[in-house]
Amino acid sequence: MIPFIIRRLFGMLLVLLAVSFIVYLIFIVIPGGDPAIRIAGRTATAANIVAIKQKLGLDQNFIVQWWDMLKQLFTGQLISYYDGTNVVQQIKAGLPVTFSLAVGAGIIWLGFGILVGTIAAVTAGRTTDRLITAAALIGISMPVAWLGLLFRYFLSGEKGWPALFPDGGYVPLTQNPAQWFYHLLLPWFTLAILFIGFYGRVLRSNVLDTINEDFVRTAKAKGLTPTRILVKHTLRASLIPIVTLFGLDFAAVLGGGAIITETVYSLHGVGWYAAQSIQTQDLPPLMGVTLYGAMFIVVFSLLVDIAYAFLDPRIRLT
Amino acid sequence: MAERLLEVNDLKVSFATEDGIVQAVSGISFGLERGKVLGIVGESGSGKSVTAMTLMGLTRGVNARFEGEVLYKGTDLLKVSDAELQNYRGNELGMIFQDPMTSLNPVYRIGDQIVEGIQAHEKVDKRTARSRAIELLRQVGIPNPDARVENYPHEFSGGMRQRAMIAMALSCNPSILIADEPTTALDVTIQAQIVDLVSRLKDDFDSAVIFITHDLGVIAEIADEIIVMYAGRVVERGSKRDVFYDPQMPYTWGLLGSIPRLDRPKAERLHTIEGMPPSLINLPEGCKFRPRCPHAFEKCQQEPALENRVEAPGHLDRCWLDVEFKRGRRDETISGGSAEAA
């Protein structure tokens with residue numbers, strides 16, 4: 001297993017390098033990408049622009065620029081073009097918010113996803129299953145931005161109804177745990193509903209496939225109780241694909257992927273920071289956030305592979 | 001007389017499907033005594049597996065309909081609730097299945113899977129159950145069972161997995177062991193070992209065996225009584241001697257003729273029964289084997305009853321053909337074309 005992990009870590013480094021290069025490339029190619037022109041302002045002279053380019057190192061070879069940016073990023077010296085703040089510190093500042101959002105939403109969507117998927121499979125073809133299936137499709141189909149706005153409009157006092165929940169914002173866990181929980185409840189569910197519907201659908205069909213497996217019939221023939229057959233034999237096998245889904249989805253949210261949810265609820269996490277930087281076409285923060293997110297994806301895909309080896313003894317990591 | 005364990009009376013099983021009612025089993029009756037081996041033989045779709053699974057209640061479902069009786073020590077297993085049935089499954093009746101590759105759960109250790117079965121029926125602690133699992137593995141001939149008990153199914157060969165399945169099925173000392181084509185997925189030498197094992201364990205555990213197969217050769221050694229099924233019906237039934245030496249149904253001849261044998265003149269090629277088993281939704285009129293039977297005549301438009309037509313009592317068949325006529329013709333089918341030359 002150790003050689004496997006070492007090999008994968010090398011692969012991950014290559015992936016991150018490639019990601020950063022592609023981000024840089026995209027930024028150079030898109031119109032209005034040259035930061036020197038924008039920083040210099042509307043009335044700048046050509047000399048101003050050249051001076052700025054020199055100061056930022058933008059007059060150098062493209063590859064050198066990219067490599068310098070990576071060096072600055074990994075030494076924690078990368079500075080935003082737009083407001084001169086330190087990128088790494090900005091990302092660090094967003095971490096508690098993003099982690100709070102991801103962990104809470106992850107628990108909710110995994111728990112409810114398994115619950116509704118199992119109930120739908122057990123009652124397959126009956127009314128409960130149909131209702132869950134319909135609800136899941138609605139959940140999958142609702143855009144997160146719209147759902148977030150609906151929640152805020154109806155539940156946070158904007159319509160004039162009594163405000164059941166605070167209207168966005170974040171209270172640090174260390175400062176007031178109850179308020180932390182209260183403030184995050186709506187964002188958690190906003191983010192989780194899509195995943196609950198999706199996981200529920202996937203698990204339902206997995207369970208229905210597994211029910212027809214020979215080893216489930218063997219379990220019945222042993223005289224086990226239906227609950228034990230469901231939990232120990234059917235669900236155990238059906239949950240393995242869910243682990244993959246969860247690993248990657250959770251990594252994406254941890255990595256700042258919940259851009260819309262964080263923006264709708266003004267949670268100043270990594271996703272929100274990414275959204276801000278996109279608006280100002282600010283390359284250094286985008287590079288930082290992208291690599292930060294990509295790192296979670298590659299780390300979690302390694303964790304998923306390791307988890308597989310524990311969940312299914314037939315899998316050997318080589 | 002040995003204890004009568006099982007009494008199946010006119011069991012009928014049908015399933016409602018989108019294409020119509022599938023009459024999988026249409027009236028099978030038999031009894032089983034302790035220490036005996038009953039062989040049920042037939043092609044795919046003859047209803048033999050459905051019969052076996054129905055005894056265990058494994059065919060229960062919203063689409064399934066059952067008629068008749070399955071009396072186990074006097075209790076009708078068709079009537080007991082699902083919860084009650086759990087006390088019989090694995091405990092009074094043990095079952096092994098066709099494909100040992102898929103019948104064991106790949107993610108649990110062999111030992112844990114046996115322990116799980118024991119603990120489902122008996123209040124024993126894990127350590128006791130585990131040492132029993134090791135003992136069972138030893139009894140079914142797994143070498144080095146103390147270590148092997150920790151293995152996962154994929155670390156066992158096909159034959160060893162089937163042995164482990166047998167150990168699991170016998171773990172609660174059931175009165176009846178149902179073996180549903182236990183050798184079909186295994187190669188020939190392993191087949192023989194499994195059959196010997198079942199036969200030996202039947203005596204060790206003082207139980208009865210229902211052995212289901214499509215291959216009459218497999219049960220030639222161990223069966224006391226043989227039931228030949230076709231299209232959900234019993235078409236011939238008798239002692240092993242009756243069925244092997246005086247078979248009355250042309251279908252049985254076909255099954256016998258399709259076994260390669262060393263003690264007969266070598267046929268050019270093995271006999272094949274032409275055609276396919278009929279659809280269980282639209283059965284042919286009259287004798288169900290008529291469309292495939294080379295000896296069919298007018299009378300076969302009516303279905304013959306399962307009756308005793310020969311001297312041996314208890315040897316029943318469903319065939320209108322004259323007994324003497326059949327005795328003259330059947331060797332052609334059973335031994336192949338070269339029998340005449342010999």
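**Exercise 1. Determine the angle and the axis separation at which helices α5 and α8 of chain A pack, and describe their contact.**

Solution. Helix α5 (residues 87-122) and helix α8 (residues 177-211) of chain A pack at an angle of about 35 degrees, and their axes are 5 Å apart. Helices here (H or I, at least four residues) and strands (E, at least two) are DSSP runs numbered from the N terminus, while axes are lines fitted to C-alpha atoms, for helices over the stretch in contact, with angles from 0 to 180 degrees between N-to-C directions. The crossing of α5(A) and α8(A) is right-handed; a crossing is called right-handed if the near helix is turned clockwise from the far one by less than a right angle, and left-handed if anticlockwise. The residues of this contact divide into 22 nonpolar, 6 polar and 1 charged, where Ala, Val, Leu, Ile, Met, Phe, Trp, Tyr, Cys and Pro count as nonpolar, Asp, Glu, Lys and Arg as charged, and the others, Gly among them, as polar.

The model is predicted, so local features need pLDDT of at least 70 and side-chain atom pairs count only at pLDDT 80 or more, whereas totals for chains, interfaces and linings use all residues. Residues are numbered from 1 along each chain as its sequence is written, and chains are lettered from A and ligands numbered from 1 in the order in which they are written.

**Exercise 2. Work out which residues of α1(A) and α4(A) meet.**

Solution. Begin with the geometry: helix α1 (residues 2-29) and helix α4 (residues 62-74) of chain A pack at about 125 degrees, with their axes 11 Å apart. The two helices are therefore oblique to each other, on a scale where angles under 35 degrees count as roughly parallel, over 145 as roughly antiparallel, 65 to 115 as roughly perpendicular and the rest as oblique. Their crossing is right-handed. Next, take the residues: A:S20, A:F21, A:Y24 and A:I28 in α1(A) meet A:F62, A:W66, A:M69 and A:L70 in α4(A), where contact requires C-beta atoms, placed from the backbone, to lie within 7 Å. By class, this contact has 7 nonpolar, 1 polar and no charged residues.

**Exercise 3. State the strand order of the 4-stranded sheet of chain B and examine how β1(B) pairs with β2(B).**

Solution. This open sheet has the order β2-β1-β4-β5 (chain B), with antiparallel pairing, and its edge strands, β2 (20-33) and β5 (75-76) of chain B, each pair on one side only. Strand β1 (residues 4-17) of chain B pairs with β2(B) in the antiparallel sense over 11 bridges, and a hairpin joins the two strands through 2 residues. Facing β2(B) across this pairing, B:V13 stands opposite B:V25 and B:L6 stands opposite B:L32.

**Exercise 4. Describe the contact between the chains from the side of chain B.**

Solution. The contact takes 23 residues from chain B and 18 residues from chain A. On the side of chain B, the elements that give two or more residues are α2 (82-88), α3 (100-103) and α4 (110-121) of chain B, and α4(B) gives the most, with 4 residues. The residues of this side divide into 10 nonpolar, 10 polar and 3 charged.

Terms used
Contact = placed C-beta atoms within 7 Å. Pairing = 2+ DSSP bridges.
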